Amino acid sequence: MSEWWTYRLDDFLLFAPRTYWRLFEAQNAALWPLHPATVAAGLALVMLVAWRPDRARFWTGLVLGLLWAFVGWSFLMNRYAAINWAVAYVAPAFFLEAGLLLLAVIFPRGLTFARRDAIGWAGLLLALAGLLLYPAAPLVFARPWTSAEVFGIAPDPTAIVTLGLLLAARGAWLAVLLPVPLLWCLMSGLTLLAMDETQAWLPLAAAALGLLLALARLLTPPAPGLRTR
C-alpha cells in the first residue's frame, strides 16, 4: 500500500469534470425560471442589510434558511450524491445551517445587524460578488453558460452570499453560523483543484477572505459609536 503522503488531490476524485458540470446543467434546466427570483431575493437582502438593518435579521434568517435547505435537498441529495458518495455525509451540514439560520429568526439577540463598518461593507461586496459575478464564471472559464452556478440554486454562490451577509452582522450566533459556509467553500475549492479547474480559486479566495473577516468580526469589539438597531 502506498504511503498517504504519495496521494494527490485527483486521486480522491470520484467523477470526471464533465460529469460534475452536467449536474449544474441539469439543475438549471429543472429549476428555470426560479433563478431570477433567487437572485432578486439575494439582492433584496443586501439592500435590506445596507439600508434597513433593523429589519434584516428576520428576512435574512428566513430566506437564507429556506434556500440552504432547498439547495441541500435539490442539488446535494438529489444530484451530487449520485456521483460522490461523500456528499451524503456533507448534506446534513446544509440542513444544520438552514436550521440555525431559522432559529436566528426566533432568538433575536443572537444575531443583529449594525450600522455598517469596514467589515460589514466588505461582507456586502462579497455577497454581491456571489450574486452577480459567480454566475458569470462559465463565460470566463470557457464552459457552456448552461452550467452557471446561481445563488439559491447551486451551493457555492449560496455559501458565498451567506458569508457576506453574515459578516455584516454581530452576535453570538456568528460563531455557529459561519463555519458551514466557510468549510463548504474550502471543500468546493479543493474539489475543483482536483479537477484541475482554474475556477477553484474563486471559492478558495472566498473562504480565505471570509475567514479573515470572520476572525476580525469575532475578535474585535464594536466601536463605541457603533450601535445595533
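Is E25 buried or exposed? Select this residue to begin, bearing in mind that the model is predicted. E25 has a relative accessibility of 16% and therefore counts as buried, since the cut-off for that class is under 20%.

**The whole chain**

Next, display the entire protein as a cartoon. It contains 10 helices and 2 strands. Read from the N terminus, the elements follow the order α-α-α-α-β-α-α-α-β-α-α-α. Of the 229 residues in the protein, 50% are buried. Among contacts with a separation of 6 or more, 78% are between residues 24 or more positions apart.

**Helices α3 and α4**

Select residues 53-77, which form helix α3, together with residues 87-106, which form helix α4. The two axes come within 7 Å and cross at roughly 165 degrees. Because that angle is over 145 degrees, α3 is roughly antiparallel to α4. The crossing of α3 past α4 is left-handed. Colouring the contact between α3 and α4 by residue class will show 19 nonpolar, 3 polar and 2 charged residues.

Now select D117 and R170 and show their side chains. These meet in a salt bridge, with an N to O distance of 2.9 Å. D117 lies in the loop between β1 (112-113) and α5 (118-133), whereas R170 belongs to strand β2 (residues 169-170). The two residues are 53 residues apart, and the pair links distant parts of the chain. Both D117 and R170 are buried.

Which residue does the side chain of R217 meet in a salt bridge? The partner is D117, at 2.8 Å from N to O. R217 lies in helix α10 (residues 201-219) and D117 in the loop between β1 and α5, so this pair ties together parts that are 100 residues apart in sequence. R217 is buried, as is D117.

Finally, show D117, R170 and R217 together. Salt bridges with shared partners join these three residues into one network.

Note on methods:
Residues numbered from 1 in each chain as written. Predicted model: local features only at pLDDT ≥ 70, side-chain atom pairs only at ≥ 80, totals over all residues. Heavy atoms only, no water. Axes fitted to C-alpha atoms, helices over the stretch in contact; angles between N-to-C directions. Helix = DSSP H or I, 4+ residues; strand = E, 2+ residues; numbered from the N terminus. Parallel < 35°, antiparallel > 145°, perpendicular 65-115°, else oblique. Left-handed = near helix turned anticlockwise from the far one by under 90°. Nonpolar A, V, L, I, M, F, W, Y, C, P; charged D, E, K, R; others polar. Buried < 20%, exposed > 50% of the residue type's maximum accessible area, 1.4 Å probe, protein only. Salt bridge = Lys/Arg side-chain N within 4 Å of Asp/Glu carboxyl O. Contact = heavy atoms within 4.5 Å.
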